[in-house]
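Good morning, and thank you for the time. I shall go through one structure, beginning with the place where its chains meet. Please keep the display in view.

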Amino acid sequence: MDNAIVVEGLEKRFGSVVALDGVSFSVPTGSVLGLLGPNGAGKTTAVRVLTTILKRTGGRAEVLGIDVGTNPQGVRERIGLAGQYAAVDENLTGHENLWLVGKLSHLDPKTLRVRNNELLERFDLTDAAARPVRTYSGGMRRRLDLAAALVHRPEVLFLDEPTTGLDPQGRTDLWRVIQELVAEGATVLLTTQYLEEADHLADNIVVIDHGHVIAEGTSTQLKNRLGATIVEVGFCDPATAERGRGVLAALGESAVEPDGQTVELKSLDGARVAIDVVRALDGEQIEPVSLVLREPTLDDVFLSLTGHTAEEPEPEEEAIEGRGRRTRGAA
Amino acid sequence: MTATAITPAVASHRLKRSPLYWAISDTKTVAWRNLVTIRRLPQLLVFSLIQPVIFVLMFRYVFGGAIHIGGPFPYVDYLMPGVFAQTVAFGAIQTGIGLAEDLHKGLIERFRSLPMARSAVLSGRTLADLTRNVFVMCLMVAIGYLVGFRVHTGFIGLIAGMAVMLFFGFSLTWIFAIIGLSVTNAETAQAASFPILAPLVFASSAFVVVGTMPGWLQGFAKYQPVSVAIDASRSLMLGGPYSSPGKVVASLCYSVGIIAVFAPLAVMRYRKAA
């Protein structure tokens, strides 16, 4: 089978609100798709439809060649889901949580026992296995949640914002684990709000906004479309800034920012562009007052693709995606 | 970390059984999980006992003297079946609270992504709550005995009276399951449940004789399900002037009816909740 996940013209409405408006993408078997988008874009809705939690209102959605609408039980047997919030029972121990999920996945007890011990060891939870999850740190809960999603050896793994709310260390740890799973041949669909995360983990990226796919490609293709590296050069006055822009125009797409004193330059050369910038300015004897080099953020992606920033609140869809869930504090 | 192969799927390790087998097995698994929680957090059990115990003490020693029920038995004998009803009725709120919490924490979402029986999350929860009620009811009977409550129909009467009450409590848990799946958090589940229960528990034959209430209230107080369950339980535990096989049958019918209506509604609600 070439594609583990095929989505065509997928539509999901909640009453009059359209959460997914004709989304299409496919995920080749053994690859990682990053579904990128701001809060309320429809990422979680897409995952919920593909994991049979929600019923679509239109279009086609197949996982491993099985239609998620007509044979949900067949899909459930072969997928794993780790949601936005560590869906583990606080009052059970780590071991009991895995046992619960394994039993409900109808694994035979002997296999389950061996499997659980393997997973606990793999996710560095062996020492904490007999403790109630209530005593776990956020990172440990996420690892247990991921372990629970793997108990029945799913062929396709859905990770809905797996690292949201984790500290940098926890995030790096989880990235490593996900990369190991992928190396072993799992097909993964992960949603994220972080370009960096999609960049790090995904073979292909689909950017969605307001329930539409607005861009797709590899991380390099997307970045090329954006201008990978952004250099911001500040000058002492608008006149100097204008001269500076003239010089820098040769290096890439450049523009004077609204403040009149800063020039923004987009370059495909990565950090190397800094050398060129310094040489060019030095050649014309223009002195910058500041020089900042940065990678494009999700905001840049959105600004360039949609003309609005990623942080723009979308209360209606948020309310639906967040229904019945705890509200997360600002990350 | 050691290497643990994630794929390919091990279909051979998945047990093949009939859907009915899984409905029962998954229900047992979910019930086990809920009972572990009760064992780990015994304070929940203690809290659910505080209110009925206070009522026992208050009505036995404070108000009891002013309440005249007539007949051959002391007031405490009349009172206890009422307290049993109060215990199972307010205990049923826990079902809703538990489900609201599972929904809130994303556990329901995980369950829905597993190839488990669809009915098991609800049947496992209500069955665990029934088990808890058996335990709580035994404690309440013991407390009743300490303050002078006596069963006049022997051991069989006691067990039958408890069974009718427990079955009624089980039927109520299905109503509160719907509430738990319809609200966003445990606090709301609790707040939404109280106004439903309070009139049923207090405008009933639980603490006073219905005949002492104003006429317009008597009709409701006499025939509503909580009163009928209490009267059935009195009939079985006390006998004598309280003996009323009709009420026992009526209470069983009420319970069966409540389950027949609300269990399918709860399952529908569960399928929709996300």
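How many residues does the contact take from chain A, and how many from chain B? The contact takes 43 residues from chain A and 36 from chain B, where two residues are in contact if their C-beta atoms, placed from the backbone, lie within 7 Å. Before I continue, a note on the source: this is a predicted model, in which local features need pLDDT of at least 70 and side-chain atom pairs count only at pLDDT 80 or more, while totals for chains, interfaces and linings use all residues. Residues are numbered from 1 along each chain as its sequence is written, and chains are lettered from A and ligands numbered from 1 in the order in which they are written.

On the side of chain A that touches chain B, α2 (72-76), α3 (94-104) and α4 (109-122) of chain A each supply at least two residues. Helices here are DSSP runs of H or I with at least four residues, strands are runs of E with at least two, and both are numbered from the N terminus. By class, that side of chain A divides into 16 nonpolar, 10 polar and 17 charged residues. Ala, Val, Leu, Ile, Met, Phe, Trp, Tyr, Cys and Pro count as nonpolar, Asp, Glu, Lys and Arg as charged, and the others, Gly among them, as polar.

Let me turn to the sheets of chain A. One is an open sheet of six strands with mixed pairing, in the order β6-β7-β8-β3-β9-β10 of chain A; two strands pair if DSSP finds at least two bridges between them. Its edge strands, each pairing on one side only, are β6 (79-82) and β10 (212-217) of chain A. Within this sheet, β3 (residues 32-36) and β8 (residues 187-192) of chain A pair in the parallel sense over five bridges, and Leu33(A) stands opposite Leu189(A) in β8(A). Helix α5 (residues 138-150) of chain A lies across β6 and β7 (156-160) of chain A, at about 165° to β6(A). Axes are lines fitted to C-alpha atoms, for helices over the stretch in contact, and angles run from 0 to 180 degrees between N-to-C directions.

Another open sheet has four strands with antiparallel pairing, in the order β12-β13-β11-β14 of chain A. Here β12 (253-256) and β14 (290-294) of chain A are the edge strands. Six bridges join β11 (residues 229-234) to β13 (residues 262-267) of chain A, and Gly234(A) has Thr262(A) as its bridge partner in β13(A). Two helices of chain A pack on this sheet: α9 (residues 238-248) touches β11, β12 and β13 of chain A, and α10 (residues 273-283) touches β11, β13 and β14 of chain A.

What does the secondary structure of chain B come to? Chain B has 11 helices and zero strands. Its C-alpha trace spans about 75 × 35 × 35 Å along the principal axes. As one example of helix contact, the axes of α4 (residues 93-104) and α6 (residues 120-146) of chain B come within 10 Å and cross at roughly 140°. That angle makes α4(B) oblique to α6(B), because angles under 35 degrees count as roughly parallel, over 145 as roughly antiparallel, 65 to 115 as roughly perpendicular and the rest as oblique. The contact is made by Gln94(B), Thr95(B), Gly98(B) and Leu99(B) of α4(B) with Arg125(B), Thr126(B) and Asp129(B) of α6(B). Thank you for your attention.
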